[in-house]
Amino acid sequence: MKAVLPEDLREVFSKAGYSGSWHKYLKVGDWLVLFLSCALVVLSYTLLWRGGVADRAIVKRDGQTIIEISLNSASKTRVEGPLGTTVIEVQPGRARVFSDPGPRQYCVQQGWLTRAGAVAICAPNHITLELNGRGEARYDSLGY
Amino acid sequence: MTLSVIELPVTEDDRRIARYTAAAIALTVAEAALPSPLPGIKPGLANIVVLVVLLRYGWRDAAWVSLLRVVAGSLVIGQLFAPGFFLALAGAVSSLAALFLAVQLPRRWFGAVTISLLAAFAHIGGQLLLARLWLVPHDGVFYLAPLFATAALIFGTINGLIAARLIMQVETI
């Protein structure tokens, strides 16, 4: 088996006990390329995996957008519907229906919405809350 | 019927390329036995051999070893002409293109790690492109790009370091 190996590899294997630190194999340009490569990889995550992150809440009544709220800062917004007032609460990165006059409270019980495309529908009061991310929405809606 | 003998002259270059290719195929087969978290993420240990050949004997020999390794390696693990074979071929061809350029860099400042990293990124680039054009005609494949890029960064660096060490040892013997 050994005779099959190329000469130089055989010599390397015969010195298997050899040890040394690895940084001496890196030249100045190698460090530079390594650093740029790390930056490129981090950039690829931020560019390609940001899609699911929501950055604004859209509140609609009867399908018409009433207000768009940025998810950057906390706020509470009151929206009037046929039954009364629906309160939308926003915190950084998420939003929920805080209260609603509807009889069954489905949209309130849905809790915090965090992903782009997630929707809470308060049908009795004709109000919907949905989250949008950057670029075009990839889902019509997202349910759990 | 006359008996004709076809003689294929074997040069020393052929023997050397065959030996390195054999080492690369052995690494390919050993690596195929390793479990992988995601299909397509592999250390690419055979590329260490390609790097060593590139730095010692030049691009032409490296291209021979790389392409023979892909064909013979997939023959051994039963992948010839399966989708994985074409992905491996796309990776090999694009990383050979990168190697062709990378080896022109001044050797004083850029060593095996640079060459290995550039080849690794070209490798996943070529594979993703082929996958996008042929296997998964949807931009969803690029969703996996960060994972592949991470693997290219890690294994490209490690393979480059190993190649650098092999070459330094060979040259000091």
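Mentor: In chain B, 72% of the contacts with a separation of 6 or more are made by residues 24 or more positions apart. The model is a predicted one, and the description below should be read accordingly. Chain B has 173 residues, and 45% of them count as buried. Its accessible surface is about 9200 Å², with carbon and sulfur atoms accounting for 70%.

Turning to the partner, 33 residues of chain B are in contact with 30 residues of chain A. The size of an interface is often expressed as the accessible area lost when the parts come together. For chain B and chain A the buried area is about 2900 Å², and carbon and sulfur atoms give 71% of that area. Four elements of chain B each give two or more residues to the side that touches chain A: α1 (12–32), α2 (46–57), α5 (112–135) and α6 (145–172). Of these, α6(B) gives the most, with 15 residues. By residue class, the side of chain B that touches chain A holds 23 nonpolar, five polar and five charged residues.

As for specific pairs, zero salt bridges are counted between chain B and chain A, while five residue pairs are in polar contact, both residues being at pLDDT 80 or more.

How values were computed:
Residues numbered from 1 in each chain as written. Chains lettered and ligands numbered in written order. Predicted model: local features only at pLDDT ≥ 70, side-chain atom pairs only at ≥ 80, totals over all residues. Heavy atoms only, no water. Buried < 20%, exposed > 50% of the residue type's maximum accessible area, 1.4 Å probe, protein only. Contact = heavy atoms within 4.5 Å. Areas by Shrake-Rupley, 256 points an atom, 1.4 Å probe, with all protein chains shown as cover. Buried area = accessible area lost by both parts, 1.4 Å probe. Salt bridge = Lys/Arg side-chain N within 4 Å of Asp/Glu carboxyl O. Polar contact = N/O pair within 3.5 Å; in protein donor to acceptor, adjacent residues only side chain to side chain. Nonpolar A, V, L, I, M, F, W, Y, C, P; charged D, E, K, R; others polar.
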